[in-house]
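Here is a brief report on one model.

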Amino acid sequence: MMGKTPEPVKADAHGPVTAAQSSPAFSARVVDWQRVHGRHGLPWQGTGDPYRVWLSEIMLQQTQVSTVLPYYRRFVQEFPTVHALAAADDARVMSLWAGLGYYARARNLLACARAVVKEHGGVFPQTVAALAALPGIGLSTAGAVLSLSGKGAAPILDGNVRRVFARCFGIFGHTALPAVQTQMWAIAHAELPGADDVMAYNQGLMDLGATVCVRSRPACGACPLQDICVARRENLTTVLPTPKPPPVRRTEHYELLLRTGSQGIWVEERPARGIWGGLWMVPMRLLEGHEIPDRAPDLVHELTHRRYCLYASLESGGGGGENGGNGHSPGHHPEKQGESNEGRWLPLPLSDDAPVPAALQRLMTGLTGTGINWPVPPGDAAV
Ligand code: SF4
């Protein structure tokens with residue numbers, strides 16, 4: 001049966017749209033394809049056990065099936081029920097999880113198992129709302145747990161499904177945007193088939209996204225949606241889904257106090273959080289407003305979300321001799337800088353394995369020989 005071909009639902013080349021389009025043939029195509037070509041025989045399929053489906057769904061977040069399988073088997077062997085997992089030792093669960101990454105998932109796994117036992121008597125609830133109220137379970141995971149364990153009909157909208165929807169229905173806008181999410185959930189609800197088909201349908205959407213409508217070079221020739229797919233028809237498979245927009249980069253300006261003396265250069269341990277956390281760095285001070293020098297920074301250090309403009313402030317002859325080795329920086333005003341003044345002198349030139357940011361090495365190299373009066377001790381010209 002041929003259904004209505006989805007029209008592109010873009011409002012323009014950049015923004016999301018608001019109206020969902022529905023194809024009567026969409027779900028039937030996915031269901032028929034899954035029954036023949038989809039993935040069967042995965043260890044949690046056909047168990048009818050929400051615990052096992054839930055466990056697999058949490059493990060599969062941002063992780064491929066082939067990676068998950070051995071972890072899943074170890075978990076169900078050691079924790080065959082949600083009661084067993086809820087009673088588990090935290091450290092044991094974390095060690096079984098080691099290597100799967102995204103460790104917040106493991107912590108939520110334990111918290112969720114304990115909540116199911118404590119609040120639901122060890123039985124996973126059977127509504128999307130109650131499931132989604134548990135730690136680590138969102139609406140899509142709730143829909144998957146219900147539908148793939150055969151306990152109810154609910155839509156899913158994980159990353160793979162969002163990619164299929166964006167292409168097949170021609171939806172522009174990054175899939176994390178609330179307007180796009182709203183539109184996709186509307187499609188997910190509108191396309192959901194009857195209870196007899198919902199398991200094959202949801203599994204089929206996941207399988208299509210994972211094996212056919214893959215991120216780059218989708219195998220459109222093998223796709224059951226190929227003759228209703230907007231992206232295929234309009235040659236948009238490399239354009240959709242819309243990529244994440246580049247992050248807005250914030251600029252911060254810092255004064256760096258380069259204090260040198262007979263024992264080298266004074267550095268302080270950075271706080272664990274924030275830029276260069278845990279490394280040793282010369283004292284830094286955030287500059288605001290009129291404090292920002294009216295000149296080019298001595299070094300620009302760029303990260304994904306930040307651009308740091310660094311201005312060197314030079315101070316020579318500042319101790320190191322009578323002051324001994326590690327200790328408190330003479331004349332340094334930590335309260336002005338909002339950080340500890342526990343520090344030490346590092347000999348110059350800095351060794352390659354000095355625990356300082358590479359940016360400091362670059363800054364000092366840049367300052368040397370540029371006409372700036374860089375107060376390095378004799379013999380440090382090669383720094
Ligand atoms: S036809 Fe191609 S782009 Fe469209 S849903 Fe299928 S695999 Fe994805």
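The largest share of the shell around the ligand comes from α9, with three residues. This is a predicted model, where local features need pLDDT of at least 70, side-chain atom pairs count only at pLDDT 80 or more, and totals for chains, interfaces and linings use all residues. Residues are numbered from 1 along each chain as its sequence is written. Helices (H or I, at least four residues) and strands (E, at least two) are DSSP runs, numbered from the N terminus.

Both α9 (159–168) and α12 (230–233) supply at least two shell residues each. Around the ligand are 14 residues, of which C213, P218, C220, C223 and C229 come nearest. Here, near means a C-beta atom, placed from the backbone, within 6 Å of the molecule. The shell has 10 nonpolar, two polar and two charged residues. Ala, Val, Leu, Ile, Met, Phe, Trp, Tyr, Cys and Pro count as nonpolar, Asp, Glu, Lys and Arg as charged, and the others, Gly among them, as polar.

Strand β1 (residues 250–261) has these partners. Strands pair if DSSP finds at least two bridges between them.

| Partner of β1 | Sense | Bridges |
|---|---|---|
| β6 (residues 306–315) | parallel | 10 bridges |
| β4 (residues 284–287) | antiparallel | four bridges |
| β2 (residues 264–269) | antiparallel | two bridges |

Y254 has L310 in β6 as its bridge partner. L256 stands opposite M284 in β4. T260 faces I265 in β2 as its opposite residue. β1 and β2 form a hairpin, with two residues between them.

Y51 sits in helix α2 (residues 50–60).
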